[in-house]
Amino acid sequence: MQSVFQLPRFTIISMLLVFILSGCVAFSAERWESYAGGELCAVQPTFSNAEKQALPIFFVTTSLPDCRRQPYAMTIQRGDRIRYGRVHGSGTSEKPQPPEFLFQAHNSWQQDIADAATLSSGKIVVYIHGYNNDFADTAVQSEQIRYHTGFAGPVIGYNWPSHHKFLRYAVDEVNRVWDQPYFTAALLELAAMPQISEIVLVAHSMGARGAIAATHMIDRGHPHYAHKLRNIILASPDVDRQIFEREARDLLLTEAKVAQGRRITVFASDNDRAVAASRFLHGYDRLGVTRCIDPLATPPCYARPLRNGKPIAGLTIIDTSAVSGGFIGHMDFLDSKAGREFFCAALLSDATMMPRAYTIIEATEANAPGTCAETAMMQL
């Protein structure tokens, strides 16, 4: 048996560091409870009728709240369970400040969702964020979706525990996988509500992986709810393009699902630096960027799932390269005026558009739909 003193110096130092640091990582149940168990995080009663009528924005989160002091906040750590609530406040700008929030009991939250859904004939919007986005970002982006589309029903921002740091990409990947069962369960609970007729699922960046997986799980395990997940929007998706093509062909956009009204809209850009970085990190083309890294691919690298040698129906690619907004170009569906108009049209369109052929649209200022008027004032 090899003596510890015969091991390489680097190995010995690493073992000592692990031994020393292991004593620094000790969290008792009391410490956990001190974060999430305070009175500040107590659930609130249902909201008044006046509040329900004011542009409803709700949230679901698996992040751990910090309820030790006022104002309470959401941490970047994994929580002990799913929590529900509603954001509130007021604002008039296109990029509002993060609103305050209150937790709600699950049953009262569901009732408020059901009541708010009557404003949109049972349609709701569920938004799941991506890498490097914390709870405040999720709340703001949910508000922007409501603001730019004028959607009358409830918008629900789903927050998983991103570490909200540029160099924590790998941590976010792990936490998104950890969160998958919770997101699927939350989506399934909404689909099971009889008051909800349709869930428009909007996913940004890394969140698109969760949206795709949850949709497939519900399709497979609860096919009687699949018709409620008809409209899926993947904005700047940080997803392997070839894996998506296979799953779109075999699982998400089968002929039967497309006949039921299922459609997927992908927003991709040649100028998306964030997804381009992910492409080089993973070594294969990503769904959200149109440049190719695969030497066998034909540029631009749009998703082209085939059935019997032909592109399948139900998939639309919106290429926002010409109208990309912001330096990173990673949120064209909100940061670009033309991108917002195409996003609004995709969100508000109904199932009568289906079935339709595989479609590629190169977005420009000239061909933007221009059908969605932004609200003059946002009040939450």
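Threonine 138 lies in helix 5, residues 135–149, where helices (H or I, at least four residues) and strands (E, at least two) are DSSP runs numbered from the N terminus. At 2% relative accessibility, threonine 138 counts as buried, and the classes are these: buried is under 20% relative accessible area, exposed is over 50%, and partly exposed lies in between, with a 1.4 Å probe and protein chains only.

Before going further, please keep in mind that this is a predicted model, in which local features need pLDDT of at least 70 and side-chain atom pairs count only at pLDDT 80 or more, while totals for chains, interfaces and linings use all residues. Residues are numbered from 1 along each chain as its sequence is written, and side-chain values use heavy atoms, with hydrogens and water left out.

Ten strands form an open sheet in the order 4-2-1-6-5-7-8-9-12-13, with mixed pairing, where two strands pair if DSSP finds at least two bridges between them. Its edges are strand 4 (100–104) and strand 13 (359–362), each of which pairs on one side only. Neighbouring strands of this sheet are turned by 25 degrees against each other on average, direction ignored; for angles in general, axes are lines fitted to C-alpha atoms, for helices over the stretch in contact, and the values run from 0 to 180 degrees between N-to-C directions.

How do strand 1 and strand 2 pair? They pair in the antiparallel sense over seven bridges, and a hairpin of six residues joins strand 1 to strand 2. Within this pairing, threonine 61 has arginine 83 in strand 2 as its bridge partner. Strand 2 also pairs with strand 4, in the antiparallel sense over five bridges, and there valine 87 stands opposite phenylalanine 101 in strand 4. Strand 1, residues 57–66, pairs with strand 6, residues 155–159, in the parallel sense over five bridges, with valine 155 in strand 6 as the bridge partner of isoleucine 57. Isoleucine 57 and histidine 88 are 31 residues apart in sequence, yet their C-alpha atoms are 7.6 Å apart in space. Histidine 88 itself is found in strand 2 and is partly exposed, with a relative accessible area of 25%.

Helix 6 lies across strand 1, strand 2 (73–88), strand 5 (123–128), strand 6 and strand 7, and runs at about 35 degrees to strand 2. Helix 12, residues 337–348, lies across several strands, including strand 9 (263–268) and strand 12 (315–319), and runs at about 160 degrees to strand 8.

Next, the charged pairs. A salt bridge here is a side-chain nitrogen of Lys or Arg within 4 Å of a carboxyl oxygen of Asp or Glu, and by this rule the count comes to 13 salt bridges. In one of them, the side chains of arginine 209 and glutamate 173 meet at 2.8 Å, N to O. This pair links distant parts of the chain, with arginine 209 in helix 7 and glutamate 173 in helix 6 (residues 169–192), 36 residues apart. Glutamate 173 is partly exposed, with a relative accessible area of 22%, whereas Arg209 is among the buried residues of helix 7.

Arginine 241 forms a salt bridge with aspartate 285, the closest N and O atoms being 3.2 Å apart. Here arginine 241 sits in helix 8 (residues 241–252) and aspartate 285 in the loop between helix 10 (273–282) and strand 10 (306–307), 44 residues apart. Both arginine 241 and aspartate 285 are buried. Salt bridges that share partners also join Glu173, Arg209, Asp238 and Arg286 into one network.

Finally, the structure holds one disulfide, that is, a pair of cysteine sulfur atoms within 2.5 Å. This disulfide joins cysteine 292 to cysteine 301, at 1.9 Å from S to S. The torsion about their S-S bond is about 130 degrees, so the disulfide is right-handed. Are its two cysteines buried or exposed? At 26% relative accessibility cysteine 292 counts as partly exposed, whereas cysteine 301 is buried, with a relative accessible area of 1%.

Methods. Contact = heavy atoms within 4.5 Å.
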